[in-house]
Amino acid sequence: MNETFELQAKIIKINGILLCILIVGSFIFFEEPLSFVYGLIFGGLIGILNFIQLAKTMEKAVRMNPAGAQAYASINYFIRFAIMAVVLIVSLKADYINALATVIGLLSIKFIILVTNLFNDKEYYKNIFKRKEV
Amino acid sequence: MEPITGRALILACSAIGAGLAMIAGIGPGIGQGYAAGKGAEGVGRQPEAQGDIVRTMLLGAAVAETTGIYGLIVALILLFANPLIGLL
């Protein structure tokens, strides 16, 4: 049933480690790190929840008919987009949350996906320099 | 009629810019829907490959969303934390 559980668990685990490193780093490098830490936790948790919701959407969409899947995936994307908008507005309005940290937390999971699934593949780098006509 | 102040002009242009930046949020929605539709077609044609299709689609969709978030961030910064007003 849940085909993506292992992939989700792996990515969320790495994201948690990255967030922990960033939080510890902010305690070391900033004089008043609390707002940055709040932002990282807020953004990171919403990013993880968004990713889980995306996985659920994709698992359900592939079982639908193509037209239904198209509408379902698009509607769910805009719901997630609205949630992200609310999160960003809250972090911009609230003084005790650093907006930049929220953005970093929200985008950290995308960065993890790129690093663990694309940039770790040697073929990706080879294909950049490979001549297309050969 | 009162003359237009620099601050009012910046705010008006920022609002227009924020609206234009939000257009970036539409693209990933359409693209993700299109990918989901094609994924459903693929699973219908080859049901045993469902796991691979869903995993690949999940990673692609998660990365594709990023550009929409960038547009959202630009729009919200222009609206709620405009750095240009401080330059006046």
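Colleague: What percentage of the 134 residues of chain A count as buried?

Modeller: This is a predicted model. A residue counts as buried if 20 or more other C-beta atoms lie within 10 Å of its own. Of the 134 residues in chain A, the buried share is 34%.

Colleague: Which elements make up chain A, and in what order?

Modeller: Chain A has zero strands and five helices. Read from the N terminus on, its elements run α-α-α-α-α.

Colleague: Why is chain A said to be more spread out than a compact globule?

Modeller: The C-alpha atoms of chain A fill a box of roughly 55 × 40 × 30 Å along the principal axes. For 134 residues the globule rule gives 14 Å. Chain A is well over that, so it is more spread out than a compact globule: its radius of gyration is 18 Å.

Colleague: Among contacts in chain A between residues at least 6 apart in sequence, what share joins residues at least 24 apart?

Modeller: Contact here means C-beta atoms within 7 Å. Take the contacts in chain A between residues at least 6 apart in sequence. The share that joins residues at least 24 apart is 73%.

Colleague: Which element gives the most to the side of chain B that touches chain A?

Modeller: The contact takes 36 residues from chain A and 32 residues from chain B. On the chain B side, helix H2 (26-45) and helix H3 (50-80) of chain B each give two or more residues. With 18 residues, the element that gives the most is H3(B).

Colleague: How many residues on that side of chain B are nonpolar?

Modeller: The side of chain B that touches chain A has two charged residues and ten polar ones. Its nonpolar residues number 20.

Technical notes. Residues are numbered from 1 along each chain as its sequence is written. Chains are lettered from A and ligands numbered from 1 in the order in which they are written. This is a predicted model: local features need pLDDT of at least 70, side-chain atom pairs count only at pLDDT 80 or more; totals for chains, interfaces and linings use all residues. Two residues are in contact if their C-beta atoms, placed from the backbone, lie within 7 Å. Helices (H or I, at least four residues) and strands (E, at least two) are DSSP runs, numbered from the N terminus. Ala, Val, Leu, Ile, Met, Phe, Trp, Tyr, Cys and Pro count as nonpolar, Asp, Glu, Lys and Arg as charged, and the others, Gly among them, as polar. The radius of gyration is taken over C-alpha atoms; the globule rule is 2.2 Å times the number of residues to the power 0.38. A residue is buried if 20 or more other C-beta atoms lie within 10 Å of its own, exposed if 12 or fewer, and partly exposed in between; C-beta atoms are placed from the backbone.
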